[in-house]
Amino acid sequence: MKETISVSPVTRIEGHLGVKIETDNGRVTSAHVVGEMFRGFEQILRGRDPLDAQQVTQRICGVCPVEHGIASVLAQDAAYGITPPPNGRLLRNLAQAANFITSHITHFYLLSGLDFVDVAQVTTYTGNDPALVALRDWAKSELANNTVSAGGPFLPQFPAQLIRDPALNLGILRHYLEAIAVRRDGHKLGALFLGKLPHAATLIPGGVTEKVSAIQIAAARALLERIRIFVEQVYLPDVVAVAGAFPAYFDLGRSCGNFLAYDVFPETDTGSPFLPAGALIGGRLQRVDAAAIAEDVRYSWYSSASGRRPTEGETVADPHKSGAYSWLKAPRYSGKPMEVGTLARLLVAYHDGRNTTVKSAIDGLLKALGRPAAALDSVLGRHAARALESKLLVECCARWLDQLVPDQPTSVDFKIPATASGMGLTEAARGALGHWIEIKDHKIANYQCVVPTTWNCSPRDDRDQPGPLEQSLVGTPVADPAAPIEAARVIRSFDPCLACAVH
Ligand code: NFE
Ligand code: MG
């Protein structure tokens with residue numbers, strides 16, 4: 001029997017996402033992923049002072065503002081021909097890594113983890129952990145009052161096969177509450193160097209305006225130690241335990257088989273990064289060629305030309321365009337859809353092989369999961385990759401803190417040329433992020449962003465190829481069309497941010 005299922009809005013993600021799926025005999029045969037909102041940041045930037053760019057683009061998102069700020073200052077570094085001094089590079093790395101870790105913890109505990117946890121088990125809790133007692137009493141009173149949101153912040157849930165082990169369920173709920181405090185520590189770690197978060201005050205072309213003091217380094221080390229304990233002793237073990245309870249999800253959620261990552265976390269002033277760039281296409285790793293990036297708009301509500309490179313990109317909204325179904329453009333690399341994100345970063349680094357720390361960490365994770373590398377291309381692989389990346393980045397942050405030299409410069413001077421252009425390629429928590437700036441008469445003449453969730457949640461392209469999430473939903477079993485939990489798990493494994501994607 002054929003069914004059409006529409007989930008709109010998809011909750012526990014960032015932004016406005018709708019998903020329409022067709023099923024036949026309980027399996028998804030086709031999916032359309034819809035970005036339901038337009039924002040217009042690329043138009044807002046036109047005609048402005050170039051130094052507005054790293055401030056304005058950070059407002060694309062409250063989840064990954066640091067990364068938009070960094071992509072913007074990298075584009076301007078290139079346009080002005082400048083390179084930050086070591087302290088400036090290290091402060092950018094620290095803030096960006098702190099944001100990745102904060103984002104991953106938020107995604108697993110506050111957004112996607114509830115797809116697996118049987119929250120109702122808290123109502124029969126008989127222990128005396130004050131946080132769980134409070135959660136139990138809240139859930140019970142909501143259920144007794146039969147309010148719309150029956151059961152407090154977590155219920156009702158889709159009826160589904162959830163975690164059976166009460167200890168694991170209650171443990172993850174307990175960790176949900178702890179994660180709120182740990183993500184605050186992650187924010188504080190970033191804000192130590194960025195003036196404030198979200199939306200950093202101190203990112204500028206040429207480095208960071210914040211200075212480095214011994215007191216600040218000590219404060220950062222204390223925050224990092226709390227984050228390290230949570231990531232190593234709570235987050236990673238929880239992800240491995242959830243994977244053990246849902247083995248079928250190593251076989252679900254495979255997308256297009258192509259992965260894209262840009263260089264991120266430069267370890268030296270000449271740029272060699274902790275995680276390398278690469279385009280992994282059909283299992284073969286290629287160097288990234290920025291000229292291969294273009295955006296199709298055949299199925300997007302834009303009247304601008306399709307297939308343009310970001311250097312000559314246009315964003316002209318056309319909400320009544322016939323045949324279109326999303327506010328996302330469709331980025332393609334050499335005409336191919338590409339999955340981006342932590343999984344892409346780690347698979348590229350694994351194939352690249354030069355960073356032996358990353359390679360052996362992935363091998364260790366595979367051993368803990370009892371799976372081959374191919375199993376990473378899945379719902380559970382994406383969750384596991386984020387947890388492992390968090391652990392690796394905690395170690396990087398400790399090293400970068402050791403490398404900071406108090407009272408040394410954190411930025412270099414620069415002059416904005418009358419005419420210039422620059423590209424800033426980096427990684428956001430959710431994947432490959434690029435900003436392109438063109439300056440004329442000292443003003444921004446054009447600004448284009450090609451953003452992680454635009455890659456992952458893109459609509460079909462000019463050749464009718466579905467986007468990565470659209471492809472990954474095909475083949476997913478959906479037992480109950482009224483409660484498509486299996487599809488929800490696939491969707492949330494990408495950690496979509498539609499606010500970013502439509503920018
Ligand atoms: Ni709004 Fe973002 C990240 C960026 S996703 S969260 O990570 O860039 O498209
Ligand atoms: Mg764009």
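**Salt bridges and a strand pair in a predicted model**

At 27% relative accessibility, Arg12 counts as partly exposed, a label for anything between buried (under 20% relative accessible area) and exposed (over 50%), worked out with a 1.4 Å probe on protein chains only. The model is a predicted one, where local features need pLDDT of at least 70, side-chain atom pairs count only at pLDDT 80 or more, and totals for chains, interfaces and linings use all residues. Residues are numbered from 1 along each chain as its sequence is written, chains are lettered from A and ligands numbered from 1 in the order in which they are written, and side-chain values use heavy atoms, with hydrogens and water left out.

Side chains of opposite charge can pair when their charged atoms come close. The structure holds 27 salt bridges, each one a side-chain nitrogen of Lys or Arg within 4 Å of a carboxyl oxygen of Asp or Glu. Arg12 makes one with Asp115, at 3.1 Å from N to O. Arg12 sits in the loop between strand S1 (2-7) and strand S2 (17-24), while Asp115 is in the loop between helix H4 (86-112) and helix H5 (130-145), so this contact ties together parts that are 103 residues apart in sequence. Helices (H or I, at least four residues) and strands (E, at least two) are DSSP runs, numbered from the N terminus. Asp115 itself is buried, at a relative accessible area of 2%.

Asp269 belongs to the loop between strand S7 (264-266) and strand S8 (273-275), and the two partners are 180 residues apart. Arg89 is buried at 11% relative accessible area, whereas Asp269, at 41%, is partly exposed.

Then there is Arg221, which forms a salt bridge with Asp402, the closest N and O atoms being 2.8 Å apart. Arg221 is partly exposed at 40%, and Asp402 is exposed at 53%. Salt bridges with shared partners also join Arg12, Asp115 and Arg492 into one network.

Now for a strand. In a regular strand the side chains alternate between the two faces of the sheet. From strand S11 (residues 293-296), Ile293 and Glu295 point one way and Ala294 and Asp296 the other, and all are buried. S11 pairs with strand S12 (residues 330-333) in the antiparallel sense over four bridges; strands pair if DSSP finds at least two bridges between them. Within S12, Tyr333 is the bridge partner of Ile293.
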